[in-house]
Amino acid sequence: MRFIFKTQYEQDIALAKHGGHVFWYSLLALFLVAAPWVLAEYWLAQLTFVLIYAVVGLGLMLLAGFTGLFSMGHAAFLGVGAYTEAVMVNAGVPFPLALLSAGLFSAIAGVIVGLPALRVKGIYLGMATLSFGFIVEEGIARWEHMTGGNAGLSVNPPAMMGWTLDSTESFYFLCLVVAVGSTLAILNLLRSSTGRAFVAIRDSEISAQSMGIHLARYKTLSFALSAALAGIGGALYAHKIQFLSPDQFNIIQSIDLLLMVVIGGLGSVHGAFLGAIFLIVMPQLIAMGKDFLPAAIGGATGLQGTVYGIVLIAFVLFEPMGLYGRWLKVRTWFQLFPFYRRGMFKRQKSFQKSDRLK
Amino acid sequence: MQLLQLLISGVAQGCIYGLIALGFVLIYKATETVSFAQGDLMMVGAFAGLATMTWLGFPFWVAVPAAIVAMGVFGVLLERLVIRPILGQPAFSIVMLTIGVGYVLRGLITMIPDVGTDTHTMPVPYAGQVLQMGPLVVAAEQLVVIAFTTVLCLALFAMFKYSKLGIAMQASSQNQLAAYYMGIPVQSLNGLVWGLAAGVAAVAGLLLAPITFVHANMGFIGLKAFPAAVVGGFGSLPGAIVGGLVIGTVESLSGFYLPEGFKDIAPYIVVLLMLVLKPNGLFGEKLRKKV
């Protein structure tokens, strides 16, 4: 068990709380920097995907995990970002500018969705974002002279001033920089008053309002920031996948993104990364496991969906705090050994909070 | 005349949306949770009908009730095994849970060898028949959908109004705690509501099957039933049907009068407008949450 003796107020908001954090995160950083020389090209590409999805996941985590607004159309923001990036880079705009515009356009889309979202909550918000997702997907498919429609759109590699990032390694470093940057931005945001306002809104809107938090402003801000991160993630996704078509940004993608944050662990920054790792590694594990199953099951097309569904059900039923919650439990077990009790993380019995007045 | 023709096909499609939306609303009223598995339950219902008709070889009039009852039992079991342990958790957990159930159902149906990945035609006695009413040409499938939905709605209305069970369901959906104190077995009622919702979904699946086809992805139509439920106001049973009709006719009319592409997103534009203008829907109650 570690006791932190605080002698300065700065320690309360420090990013690394103690020496252990410094050590382990440095080791992680070292591994990530060394990855291109350590990993095979295939796994490096997978790691790049993890970083891209983590950026999108951070955005959705900010919205769903920290502000308590669930978006069922987040793939739309991903799509807006991806297409903005693709169109601008293909037109020869320098890459950093295109990346920023991708974030900006997605943020604008986020504000547009956020405005009706101010009046509705819960499942109605889900419906509003779901509808927006469908409309954007159809819009992308129909706006053919800009997006190539259903025929698709190929994306040039990121380039600026005669310098092109076309190798796997260089693109990996780009994603790494963006992912680390957005993680630090989110961490900083969460310890500022804005981030605390988000968390207050999540825990109780009425209490937050009573404490002087401008609900409309902060909800819109949360939507905008979340969409901006999704857009930046989408821009990287566009370069990674190199070929965009509207059906990459459909409802399935939106649900996959939600699945990512729920399985990673709602309300934790780690959760976005763990969820992204899950989302990328799971299909590989299923592919590997196929060989051990009888051919009738292993070769079936529905296997992946079934496994996803079962994992999702299992997490919601048995581990609502997600992968990060599981890690917390394991860590506590080791820290307290042999004094860990089963009931320490027991879910609080809660009565159903009714939205009805009666 | 063209308009009337469009309206009829829109109403028939709207009835299907309405029936699926009815499932959402039943579950929402009883347990205040939203089931994203409703469309997939409908798909399983259609496959159940197909199974009873073709492999078990039941005659049509036995196969249909058998499939509906089987789905009802399935709904009760689903509630008992998966949903009940999690009741009382944040509503979003349950939404994710039902999304998971939908994934599993769709995956399992696809995994049935030789059957799951194909599209099938449902062998109904009225398939392909056409009614000529003056200049109007109406497919028998559409008439059956409209007639069956009307009958089902009347039956449900009578059940909720006059039977002890229906009144108990209404009571528990208004206030679970008070209903429990009055001696209503709220938990088993919730199970029954899930059974009822699954049964209604099966009806929708069986009605839709002759119009489209039976395949594993037909459940995605459930995503268009959400707008129907929202337009009607999520807590209102007649609202679900009316919302379904609104969505169905809007879709049908926009498919004809508006440029290509609007047909698929018209329901969502309607629902966005509805949420901005009248967030509680046409028949929804205006409520404010207490602290």
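**Chain A and its contacts**

A: Among contacts in chain A between residues at least 6 apart in sequence, 75% join residues at least 24 apart; two residues are in contact if their C-beta atoms, placed from the backbone, lie within 7 Å. This is a predicted model, in which local features need pLDDT of at least 70, side-chain atom pairs count only at pLDDT 80 or more, and totals for chains, interfaces and linings use all residues. Residues are numbered from 1 along each chain as its sequence is written, while chains are lettered from A and ligands numbered from 1 in the order in which they are written.

Chain A has 16 helices and 4 strands, counted as DSSP runs numbered from the N terminus (helices: H or I, at least four residues; strands: E, at least two). Its radius of gyration is 21 Å, close to the 21 Å of the globule rule for 358 residues, so chain A is as compact as a globular protein of that length. The radius is taken over C-alpha atoms, and the rule is 2.2 Å times the number of residues to the power 0.38. The C-alpha trace of chain A spans about 60 × 55 × 50 Å along its principal axes.

As for what chain A touches, 44 of its residues are in contact with 49 residues of chain B. On the chain B side, the elements giving two or more residues are α4 (91-111), α9 (222-232) and α11 (262-277). The largest share, 16 residues, comes from α4(B).

The model scores ipTM 0.85 and pTM 0.88.
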